[in-house]
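Here is a short briefing on one protein model for a reader who has not seen it before. The sequence and structure come first, and the notes follow.

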Amino acid sequence: MAAQSTRSGTGRTAATPLQWLRGFDTTAAIALGGVLGALARYALSVAIPHGTHAFPWSTFLINVVGCALIGVLMALLLEAPKPHRLLRPFFGVGVLGGFTTFSTYAVDSLGLFRDGAAATGLAYLFGTLAAALVAVWLGAHLTRLVLHAYPGGPAERAQNDHRKDHQDDHRTGTG
């Protein structure tokens with residue numbers, strides 16, 4: 001029998017190099033996705049600059065589009081029979097986490113209030129929040145509608161897989 005090392009007093013076995021690397025692939029997927037998302041955000045913010053007292057359209061669009069894409073991604077992942085385990089970390093945490101920028105939203109809002117543009121600041125503050133929430137819902141809802149509109153698509157395959165698993169449980173007496 002192979003000896004297992006344990007951490008002092010925890011009773012847990014230490015991770016093997018292969019187990020450690022398996023966790024690192026998730027970190028690498030997030031990092032790579034984050035770089036891609038941040039580059040896309042930067043490109044959009046350069047393409048649509050805004051002045052000191054102006055409504056920050058680039059940040060608004062980045063956050064609203066990012067939220068819509070998060071809704072699309074979550075609907076796709078929830079409807080997929082067996083999505084790859086790195087899809088959510090890469091696209092959700094990495095790409096879309098790097099793309100959306102609610103810290104800039106906060107800084108932009110504060111800057112508008114500090115510069116005396118309170119009406120613009122309030123419109124931006126509440127408008128972004130409302131638009132982002134609607135965008136997530138709309139992205140998820142429209143994606144589900146599209147997935148369910150096509151016979152034989154991922155939604156129907158997932159439903160058939162679930163039905164088959166349920167029938168198998170009854171045949172084996174486990175359900």
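Among contacts in the protein chain between residues at least 6 apart in sequence, 71% join residues at least 24 apart; contact means heavy atoms within 4.5 Å. This is a predicted model, in which local features need pLDDT of at least 70 and side-chain atom pairs count only at pLDDT 80 or more, while totals for chains, interfaces and linings use all residues. Residues are numbered from 1 along each chain as its sequence is written, and side-chain values use heavy atoms, with hydrogens and water left out.

**Overall make-up**

- The protein chain has 6 helices and 0 strands, where helices (H or I, at least four residues) and strands (E, at least two) are DSSP runs numbered from the N terminus.
- Along the sequence the pattern reads α-α-α-α-α-α.
- Of the 175 residues in the protein chain, 26% are buried; buried means under 20% relative accessible area, exposed over 50%, and partly exposed in between (1.4 Å probe, protein chains only).

**Aromatic pairs**

- The structure holds 7 aromatic pairs. Rings of Phe, Tyr and Trp (its six-membered ring) pair if their centres lie within 6.5 Å, and planes under 30 degrees apart count as stacked, over 60 as edge-to-face and the rest as tilted.
- The ring centres of Phe55 and Tyr124 are 5.3 Å apart and the planes stand at 90°, so this pair is edge-to-face.
- Phe55 sits in the loop between helix 1 (17–47) and helix 2 (57–79), whereas Tyr124 belongs to helix 5 (residues 118–149), so the pair ties together parts that are 69 residues apart in sequence.
- Both Phe55 and Tyr124 are buried.
- Phe90 and Phe91 form another edge-to-face pair, with 4.7 Å from centre to centre and 80° between the planes.
- Phe90 is buried at a relative accessible area of 17%, while Phe91 is partly exposed at 35%.
- One aromatic cluster is formed by Phe55, Trp57, Phe60, Phe102, Tyr105 and Tyr124.

**Nonpolar core**

- The largest nonpolar core has 10 residues: Phe55, Phe60, Val64, Cys67, Tyr105, Leu112, Ala117, Tyr124, Ala132 and Ala135. A nonpolar core is a set of buried Ala, Val, Leu, Ile, Met, Phe, Trp, Tyr and Cys residues joined through side-chain atoms within 4.5 Å.
- At least two residues of this core come from each of helix 2, helix 4 (102–114) and helix 5.
- Leaving aside neighbours within four places in sequence, Phe55 is in contact with His50, Phe60, Thr120, Ala123 and Tyr124.

**Helix 2 against helix 3**

- The axes of helix 2 and helix 3 come within 9 Å and cross at roughly 170°. Axes are lines fitted to C-alpha atoms, for helices over the stretch in contact, and angles run from 0 to 180 degrees between N-to-C directions.
- Helix 2 and helix 3 are therefore roughly antiparallel to each other; angles under 35 degrees count as roughly parallel, over 145 as roughly antiparallel, 65 to 115 as roughly perpendicular and the rest as oblique.
- On the helix 2 side, the contact involves Ile62, Val65, Gly66, Leu69, Ile70, Leu73, Met74 and Leu77.
- On the helix 3 side, the contact involves Leu87, Arg88, Phe91, Gly92, Leu96 and Phe99.

- Asn63 lies in helix 2 and is buried at 0% relative accessibility.
- Beyond residues up to four places away in sequence, Thr59 touches His50, Thr101, Thr104, Tyr105, Asp108 and Tyr124.
- Ala140 is located in helix 5 and is buried, with a relative accessible area of 10%.
- Ala140 and Met74 are 66 residues apart in sequence and 6.8 Å apart in space, C-alpha to C-alpha.
- Leaving aside neighbours within four places in sequence, Ala140 is in contact with Gly71, Val72 and Ala75.

**Salt bridge**

- The structure holds 1 salt bridge, defined as a side-chain nitrogen of Lys or Arg within 4 Å of a carboxyl oxygen of Asp or Glu.
- Asp25 forms a salt bridge with Arg85, and the closest N and O atoms are 2.3 Å apart.
- This pair links distant parts of the chain, 60 residues apart: Asp25 is in helix 1, and Arg85 is in the loop between helix 2 and helix 3 (87–99).
- Asp25 is partly exposed at a relative accessible area of 25%, and Arg85 is partly exposed at 36%.
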